[in-house]
Amino acid sequence: LVGQTIALIAVNAANAIQTDQVVITGHMLDMPSIRRVLAAVGALYGKTFTMPDDAGYATALGALLVAGEQRHPS
């Protein structure tokens, strides 16, 4: 149910901005069952869910990039 809820929120968000491409990150993707459910729901609604390897590190990477920008503004 958790995977289905995440997928349906992503589908509705994608519909709101009129796109078929969704990138999903987070440690929930460490579970193969969540990846399967997301892919199945995405396919059902005609959305392409990109789920990168090591997706759980996306938040930390984003924080690192923001911290770097604050130290060295353009």
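These are my notebook entries on a predicted model of one protein.

**Ground rules**

I number residues from 1 along each chain as its sequence is written, and I keep to heavy atoms for side-chain values, with hydrogens and water left out. As the model is predicted, I ask for pLDDT of at least 70 for local features and 80 or more for side-chain atom pairs, while totals for chains, interfaces and linings use all residues.

**Overall layout**

I looked up the secondary structure and got 3 helices and 2 strands. Helices (H or I, at least four residues) and strands (E, at least two) are DSSP runs, numbered from the N terminus. From the N terminus, I read the order of elements as α-β-α-β-α. The radius of gyration is 14 Å, well over the 11 Å that the globule rule gives for 74 residues, so the protein is more spread out than a compact globule. That radius is taken over C-alpha atoms, and the rule is 2.2 Å times the number of residues to the power 0.38.

I also noted the span of the C-alpha trace along its principal axes, about 45 × 30 × 15 Å. Of the 74 residues, 24% count as buried. Buried is under 20% relative accessible area, exposed is over 50%, and partly exposed is in between (1.4 Å probe, protein chains only). The protein exposes about 5,400 Å², with carbon and sulfur atoms supplying 61% of it; these areas come from the Shrake-Rupley method with a 1.4 Å probe, and for residues only the protein chains shown count as cover.

For contacts (heavy atoms within 4.5 Å), I took those between residues at least 6 apart in sequence and found that 72% join residues at least 24 apart.

**H1**

Helix H1 runs over residues 2-16 and has 15 residues. Its first and last C-alpha atoms are 21 Å apart, close to the 21 Å expected at 1.5 Å a residue; the expected span is 1.5 Å times one less than the number of residues. Which residues of H1 are buried? I listed Gly3, Ala7, Ala10, Val11 and Ala14. They cover an arc of only 100° around the axis, which puts them on the same side of H1. The arc is that of the directions from the helix axis to the C-beta atoms. I recalled that an α-helix has 3.6 residues a turn, so residues three or four places apart point the same way.

The face turned away from the buried side of H1 carries exposed Ile9, Asn12 and Ala16. Among what covers the buried residues of H1, I found strand S1 (21-23), helix H2 (32-44) and strand S2 (48-50).

**H2**

The 13 residues of H2 should span 18 Å at 1.5 Å a residue, and the end C-alpha atoms are 18 Å apart, which agrees. Buried here are Ile34, Leu38, Val41 and Gly42. They cover an arc of only 100° around the axis, which puts them on the same side of H2. On the other side of H2, Pro32, Arg36, Ala43 and Leu44 are exposed. The cover over the buried residues of H2 includes H1 and S2. Just after H2, I noted glycine 46 with a positive phi of about 75°.

**Core**

The largest nonpolar core has 13 residues. By definition, such a core is a set of buried Ala, Val, Leu, Ile, Met, Phe, Trp, Tyr and Cys residues joined through side-chain atoms within 4.5 Å. Those with the most contacts inside this core are Ala7, Val22, Ile24, Leu29, Leu38, Phe49 and Met51. H1 and H2 each supply at least two residues of this core, and the largest share, 4 residues, comes from H1. I then checked Phe49: leaving out residues up to four places away in sequence, Phe49 touches Ala7, Ala10, Val11, Val22, Ile24, Leu38 and Gly42.

**H3**

Helix H3 (residues 58-71) should span 20 Å for its 14 residues, and its end C-alpha atoms are 20 Å apart. How many of the 14 residues of H3 are buried? The number is 0, so H3 lies largely in the open. I picked out glutamine 70 in H3, which counts as exposed at 62% relative accessibility. Glutamine 70 and isoleucine 6 are 64 residues apart in sequence and 32 Å apart in space, C-alpha to C-alpha.

**Positive phi in the loops**

Glutamine 18 lies in the loop between H1 and S1 and has a positive phi of about 55° although it is not a glycine. At 75% relative accessibility, glutamine 18 counts as exposed. Aspartate 54, in the loop between S2 and H3, also has a positive phi of about 55° without being a glycine. I noted aspartate 54 as exposed, at 57% relative accessibility.
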